[in-house]
Amino acid sequence: MKFSFKKSNIPNYLTILRIILVPIIITFTCINFGPRLYWSQLPNSNYGVYFNLSWILAGALFILASFTDFLDGYLSRKYHWVSDFGKLWDPIADKILINSILIVFAGANPHLTMNVYFIIPILIITRDIIVDAFRMYAASKDIVVAANLYGKLKTVTQIIGIILIYFAYAWDFSSVNNSVWWWCVQNLFMWISLFLSLMSGVIYIYQINKKLNIKK
């Protein structure tokens, strides 16, 4: 079967690239490979700082994957490159990327002193399942509800929080692991994203129910 490149399929190619990047990012996150690129003693302390190569690469790849999400949406809107494939797989790719990394952060990485609460990905994934079920039911009734502002802000805060965690942990500051600052690095944006996720889900379900009642 001959491959034919089409400009209108660029958003779809970006979506596929985002999905392909997920297992690579997860692998770099979990295996904790690479030399200590730099070692330095903290002033007046027995603690040192080292750069974790695998986490720097994982963070960089996550930024690339997040950028493909922005780019495919931008191209689709600007040039009207909309396809059935993109409608289905673009949101799925986003959820695979974000939720899989949150699960790893919460409990699948024994190498570092992670403390991202497991309840966060559990509630976010549960919310996604419920909202998607309502979305599919609404689609069967020819009802479409646009994503609300809180849902978009949720995605932004998740991306910022994940990037912050990656690059904070790329530098192992052992002396501050138990401080309030370290807790904020690990959890502040995650809790904000959870709040926005639940709020956007409630609003979305309310809007669907409202349109269903009107249609009756």
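This is a predicted model: local features need pLDDT of at least 70, side-chain atom pairs count only at pLDDT 80 or more; totals for chains, interfaces and linings use all residues.
**Entry 1: helix α2**

I started with helix α2, which covers residues 53–79 and has 27 residues. I checked the span from its first C-alpha to its last and got 38 Å, close to the 39 Å expected at 1.5 Å a residue. Then I looked at what follows α2, and found His-80, with a positive phi near 60 degrees.

**Entry 2: counting salt bridges**

How many salt bridges does the structure hold? I got seven. A reminder to myself: side chains of opposite charge can pair when their charged atoms come close.

**Entry 3: Arg-18 and Asp-69**

I picked Arg-18 next and found its side chain in a salt bridge with Asp-69, at 3.8 Å from N to O. Arg-18 sits in helix α1 (residues 10–31) and Asp-69 in helix α2, so this pair ties together parts that are 51 residues apart in sequence.

Is Arg-18 buried or exposed? Its relative accessibility is 0%, so I wrote it down as buried. Asp-69 comes out at 18%, so that one is buried too. The cut-off I needed here is under 20%.

**Entry 4: Arg-18 again, with Asp-94**

Which helix holds the Asp-94 that pairs with Arg-18? First the pair itself: the side chains of Asp-94 and Arg-18 meet in a salt bridge at 3.0 Å, N to O. Asp-94 is in helix α3 (residues 84–108) while Arg-18 is in helix α1, so the bridge ties together parts 76 residues apart in sequence. With 19% relative accessibility, Asp-94 counts as buried.

**Entry 5: the network**

I then looked up which residues are linked around this spot. Arg-18, Asp-69, Asp-72, Asp-90 and Asp-94 are joined in a network of salt bridges.

Last, I went to helix α4, residues 119–140, where both Arg-135 and Asp-132 lie. They form a salt bridge, and their closest N and O atoms are 2.5 Å apart.

How accessible are the two partners? Arg-135 is partly exposed, with a relative accessible area of 34%. Asp-132 is also partly exposed, at 24%.

Note on methods. Residues are numbered from 1 along each chain as its sequence is written. Side-chain values use heavy atoms; hydrogens and water are left out. Helices (H or I, at least four residues) and strands (E, at least two) are DSSP runs, numbered from the N terminus. The expected span of a helix is 1.5 Å times one less than its number of residues. A salt bridge is a side-chain nitrogen of Lys or Arg within 4 Å of a carboxyl oxygen of Asp or Glu. Buried means under 20% relative accessible area, exposed over 50%, partly exposed in between (1.4 Å probe, protein chains only).
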